[in-house]
Amino acid sequence: MTQYILAIESSCDETACAIIKNGNEILSSVVSSQINIHKLYGGVVPEVASRIHVENISLVIKSALEQANVSMDDIEAIAFTQGPGLVGSLHVGVQAAKTIAWLYDKPLVPLHHIMGHIFANTFVDKLEFPLMALVVSGGHTEIVYMKDEYSFEIIGETQDDAIGEAYDKVARVLGLPYPGGPEIDKLAKEGKAFYKLPMPKTENEFDFSFSGLKSAVLQLIQRERKQDHEINKADVAYAFQEVALHSLLSKLVKAVGVYQPKQVVLAGGVAANSRLRVVIQEMMKQYPNIHLTIPPLWCCTDNAAMIGAAGSVAIKYNKTNDLTLAVKPSMEL
């Protein structure tokens, strides 16, 4: 039997809707990005984001249905991001999902944003369990161990800044535009190993910390300026990125050695980082029998297709809800 899911994602600054067939076929995926507006402010402004979601949500949903060439009669369920994220942004998506569900008498499938990022990999590869996911984005840095497709155990997480947040903060210190991740990734390609930065330390062997690394970059720049040295931004970007990524991936590889999953997947916006994609392949060579999946760039950034893929799995486990549900800005996986 064919299953069609209408999925909505609005956790941050992208208004997105997708129609997904049988869990892994994208009939349409419409994303309206606000990045050019938030660039003016050097970061996402929550109030601005939620207002733009209100303006865009109906048009995005209409466009997704038209591109997929399906009607609401064909749709089995409405999947949407319940959390975590910006409360105002989430609220717009949740209210849209609830309105459609009420109007057309469809079940609601509330989902965790990170579950969506993990299941985005199903569009390009079959997932094998037990599985380990490295989730890296502007708001999340986690190692998630999955014994099966609906089991999520966070075995490592950041103690302070998420890696994407650290990239943005270091970019700001270097005078680079928002979003900082792609800018540092690009600039680091021109840099070389000149500056030294400390490797972050944490109590839990699988946890992460990036706040101290960000401070070390700031102190390095201040120290160089005091000595009237010209700062080579490309070399700073190179030093930061190498330490950040090797800190991140050394923890992942250690966890892989302990848990021995069948597959490792990358997930989240920072998974688009070109250096990360190279280094993880190099480091995972020591485990040739463990399947590594690196998603294409379009799978990494926020979209509703990933929510539809996760929704298809959630329906199998009867994870539907009624119209009384609300947003969960700090929702746990």
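Tutor: In this predicted model, strand β6 (residues 131-136) and strand β9 (residues 263-267) run parallel and are joined by 5 bridges. Strands of a sheet pair through backbone hydrogen bonds, either parallel or antiparallel. Here β6 and β9 belong to an open sheet of 5 strands, ordered β8-β7-β6-β9-β10, with mixed pairing. At its edges lie β8 (153-157) and β10 (291-293), each of which pairs on one side only. From one strand to the next, the twist averages 20°.

Helix α8 (residues 233-259) packs on this sheet and touches β6, β7 (141-146), β8 and β9. The direction of α8 makes about 165° with that of β6.

A further point of interest is aspartate 207, which is found in the loop between α6 (180-188) and α7 (211-226). Beyond residues up to four places away in sequence, aspartate 207 touches Ile155, Gly156, Glu157, Gln159, Thr202 and Lys251. Aspartate 207 is buried, yet has no salt bridge. The nearest side chain of opposite charge is that of lysine 251, 7.1 Å away, whereas a salt bridge requires a side-chain nitrogen of Lys or Arg within 4 Å of a carboxyl oxygen.

Terms used. Residues are numbered from 1 along each chain as its sequence is written. This is a predicted model: local features need pLDDT of at least 70, side-chain atom pairs count only at pLDDT 80 or more; totals for chains, interfaces and linings use all residues. Side-chain values use heavy atoms; hydrogens and water are left out. Two strands pair if DSSP finds at least two bridges between them. Helices (H or I, at least four residues) and strands (E, at least two) are DSSP runs, numbered from the N terminus. Axes are lines fitted to C-alpha atoms, for helices over the stretch in contact, and angles run from 0 to 180 degrees between N-to-C directions. Contact means heavy atoms within 4.5 Å. Buried means under 20% relative accessible area, exposed over 50%, partly exposed in between (1.4 Å probe, protein chains only). Lys and Arg count as positive and Asp and Glu as negative; His and the chain ends are not counted.
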